[in-house]
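Trainee: Could you show me how to read a structure, one feature at a time?

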Amino acid sequence: MGIDLPLIWLLIIGFGVMMYVIADGFDLGIGILFPFVKDRSHRDAMVNSVAPVWDGNETWLVLGGAALMAAFPKAYAILLSAFYVPAILMLLGLIWRGVSFEFRFKADEAHKPFWDKAFMLGSFVAAFFQGAILGAFIDGVEIVGGRSAAGIMDWLTPFSVFTGIGVVIAYALLGSTWLVLKTEGDLQRQMIRIAKPTTFALLVAIAIASIWTPLAHQAISDRWFSLPNIWFFAPVPVLVAAATYYIQRTLNDDPHAGPFVWSLVLIFLGYTGFVISIWPNIVPPSLPIWDAAAPSESLGFTLVGALLIIPMILGYSAWAYYVFRGKVKVGEGYH
């Protein structure tokens, strides 16, 4: 049996997207949480907690996009055509957030409020349109003659708006639990108060998505509820409830890493549900990964580069997090 290169590349892209959601999710969440924190010194501490690593987190987004173009060029062309508007808006949000991230440190007192608002807006826009793309992707893209037949605004549906809001909530939970891990004192206590209702809001969003998705898509319903698949999926709601319980429990104890780790478990469970729902398509509902893959020679050649680059990204990312471990004090940096 030969090596299934399209499957390997799908796993690489899936890994890159998951790493992006984890890594950039919590620093986008920090911007989303800004409206709930009025104290400027607290806001500075929030930003300082991700200042050494935030731009490196976005490496995973670049990796995922480049890998999709290299390994599945047909899917890349179809998806970019269908989701051009939300993708551009997402990138504008990321750019605006990045500019404001740097400028808020350098601005005088008169202009800092403007850059704070810009940081909030950029974070919210980037997170919302990532979620909107997710919802539109699950809804699927009509393909005619090997091209997207979707109109420029066909991505905008009630479901994509809902998933956009859901991703904002998910990132807010990651951001609040990250700050529980990285801060102390009044700011940490405020993040604990925010994280508790945010956890339940995300649980509600997951429940609604779990009902809405199979009702709207017969193929997904068949995949979830047919035998023997249903026996494999049955533990997932229990695991989601357990993760929610442990987030709340660790928040009520002496919280540090626990709430953030369990939040990652909750996000991962949602991500695995998404992957299972669309399998084996790379463009739902009708384009499997093998039909969209580049020639095997191209997949093999680029795989060599990926296997060299990915460990390097993991290595320098791990080193950065290790060097800047520990708590961030209000009014100070790391200690």
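Mentor: Let us begin with confidence, given as pLDDT, the predictor's confidence in each residue, from 0 to 100. In the chain, this confidence is lowest in helix α11 (residues 229-233), with a mean of 77, and highest in α8, at 94; helices here are DSSP runs (H or I, at least four residues), numbered from the N terminus. This is a predicted model, in which local features need pLDDT of at least 70 and side-chain atom pairs count only at pLDDT 80 or more, while totals for chains, interfaces and linings use all residues. Residues are numbered from 1 along each chain as its sequence is written, and side-chain values use heavy atoms, leaving out hydrogens and water.

Trainee: Is S100 buried or exposed?

Mentor: Buried means under 20% relative accessible area, exposed over 50%, and partly exposed in between (1.4 Å probe, protein chains only). S100, which lies in helix α6 (residues 84-106), has a relative accessible area of 0% and is buried.

Trainee: Which residues does S100 touch, not counting those up to four places away in sequence?

Mentor: A contact means heavy atoms within 4.5 Å, and with that exclusion S100 touches W115, A118 and F119.

Trainee: What does the side chain of S100 reach at 3.4 Å?

Mentor: A polar contact is a pair of N or O atoms within 3.5 Å; within protein, one must be able to donate a hydrogen and the other to accept it, and residues adjacent in sequence count only if both atoms are side-chain atoms. Here the side chain of S100 reaches the backbone nitrogen of F119.

Definitions and conventions
Helices (H or I, at least four residues) and strands (E, at least two) are DSSP runs, numbered from the N terminus.
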